[in-house]
Amino acid sequence: ALTRSLRDIETLLQTKNYEQAEIRLKALLQENPGDARLLFTLGQTASLWARDTTDDDLQSQRLNRALANYRLATQAAAPETDKALLSRAHEAMGRILAFLERNDEAIKEFEAAIKLGEVTGGAYKDAMEGKRKLAQP
């Protein structure tokens, strides 16, 4: 049931219905507290919503909310079974931190994703690219 709900939320994200996606995710989180997939998807929702926001303050709020949810997801994830989620969360945090010009923190997140290696569904290549871009003068 949770997987089906997450698929429905993916559809909401594809149609840029971020507010409804966030409402559904928060309700699911009430039923499944601390679920790493839900926390990750909440981070993803806030990040995508921020990308489509032109108001700087609102964008900053959403990016910080995304960071917080990605951090919670990495804390809730099981390192043995959730490597792809961990990889994607660390890479996403790196990307957000780089955008916010918090480069030292961004590099640490990219390195955390890289350290996990090339896992199926992970973000190894994106993390390598993100780190490479930050290393350029």
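**View 1. Glu 101 sits in the loop between α5 and α6.** Helices here are DSSP runs of H or I with at least four residues (strands would be E runs of at least two), numbered from the N terminus. Glu 101 has a positive phi of about 60 degrees although it is not a glycine. Its relative accessible area is 68%, so Glu 101 is exposed (exposed means over 50%, buried under 20%, and partly exposed in between, with a 1.4 Å probe and protein chains only). As you explore, keep in mind that this is a predicted model, in which local features need pLDDT of at least 70 and side-chain atom pairs count only at pLDDT 80 or more, while totals for chains, interfaces and linings use all residues. Residues are numbered from 1 along each chain as its sequence is written, and side-chain values use heavy atoms, with hydrogens and water left out.

**View 2. Lys 16 is found in the loop between α1 and α2.** This is another residue other than glycine with a positive phi, here near 60 degrees. Lys 16 counts as exposed, at 53% relative accessibility.

**View 3. Helices α3 and α4 pack against each other, with α3 spanning residues 36-51 and α4 residues 56-76.** Two packed helices are described by the angle between their axes and the distance between the axes. For this pair, the axes come within 7 Å and cross at roughly 160 degrees (each axis is a line fitted to C-alpha atoms, for helices over the stretch in contact, and angles run from 0 to 180 degrees between N-to-C directions). That makes α3 roughly antiparallel to α4 (angles over 145 degrees count as roughly antiparallel, under 35 as roughly parallel, 65 to 115 as roughly perpendicular, and the rest as oblique). The crossing is left-handed, meaning that the near helix is turned anticlockwise from the far one by less than a right angle; clockwise would be right-handed. On the α3 side, the residues that meet α4 include Leu 39, Phe 40, Gly 43, Gln 44, Ser 47 and Ala 50; among their α4 counterparts are Gln 59, Arg 62, Leu 63, Ala 66 and Tyr 70. The residues of this contact divide into 13 nonpolar, five polar and two charged (Ala, Val, Leu, Ile, Met, Phe, Trp, Tyr, Cys and Pro count as nonpolar, Asp, Glu, Lys and Arg as charged, and the others, Gly among them, as polar).

**View 4. Ala 50 is a residue of helix α3.** With a relative accessible area of 1%, Ala 50 is buried. Leaving out residues up to four places away in sequence, Ala 50 touches Gln 59, Arg 62 and Leu 63 (contact means heavy atoms within 4.5 Å). Ala 50 and Ser 60 are 10 residues apart in sequence, and their C-alpha atoms are 7.4 Å apart.

**View 5. Helices α1 and α3 run side by side, crossing at roughly 5 degrees with axes that come within 12 Å.** That makes α1 roughly parallel to α3. Leu 2, Thr 3, Leu 6, Ile 9, Glu 10 and Leu 13 of α1 make this contact with Arg 37, Leu 38, Thr 41, Gln 44, Thr 45 and Leu 48 of α3. By residue type, the contact holds six nonpolar, four polar and two charged residues.

**View 6. Gln 44 belongs to helix α3.** Gln 44 is buried, at 16% relative accessible area. Setting aside neighbours within four places in sequence, Gln 44 is in contact with Glu 10, Leu 13, Tyr 70 and Arg 88.

**View 7. The largest nonpolar core holds 36 residues.** Such a core is a set of buried Ala, Val, Leu, Ile, Met, Phe, Trp, Tyr and Cys residues joined through side-chain atoms within 4.5 Å. Ile 9, Leu 25, Leu 38, Phe 40, Tyr 70, Leu 85 and Ile 96 touch the most other members. Helices α1 (2-14), α2 (18-31), α3, α4, α5 and α6 (103-115) each supply at least two residues, and α3 gives the largest share, eight residues. Ile 96 touches Ser 47, Leu 63, Ala 66, Leu 67 and Tyr 70, not counting residues up to four places away in sequence.

**View 8. Glu 91 lies in helix α5, residues 83-99.** Glu 91 is a buried residue, with a relative accessible area of 5%. Not counting residues up to four places away in sequence, Glu 91 touches Phe 110, Ala 113, Ala 123, Asp 126 and Ala 127.

**View 9. Thr 74 is part of helix α4.** A relative accessible area of 18% makes Thr 74 buried. Beyond residues up to four places away in sequence, Thr 74 touches Leu 86, Ala 89, His 90 and Met 93. The C-alpha atoms of Thr 74 and Arg 88 are separated by 9.7 Å, and the two residues are 14 apart along the chain.
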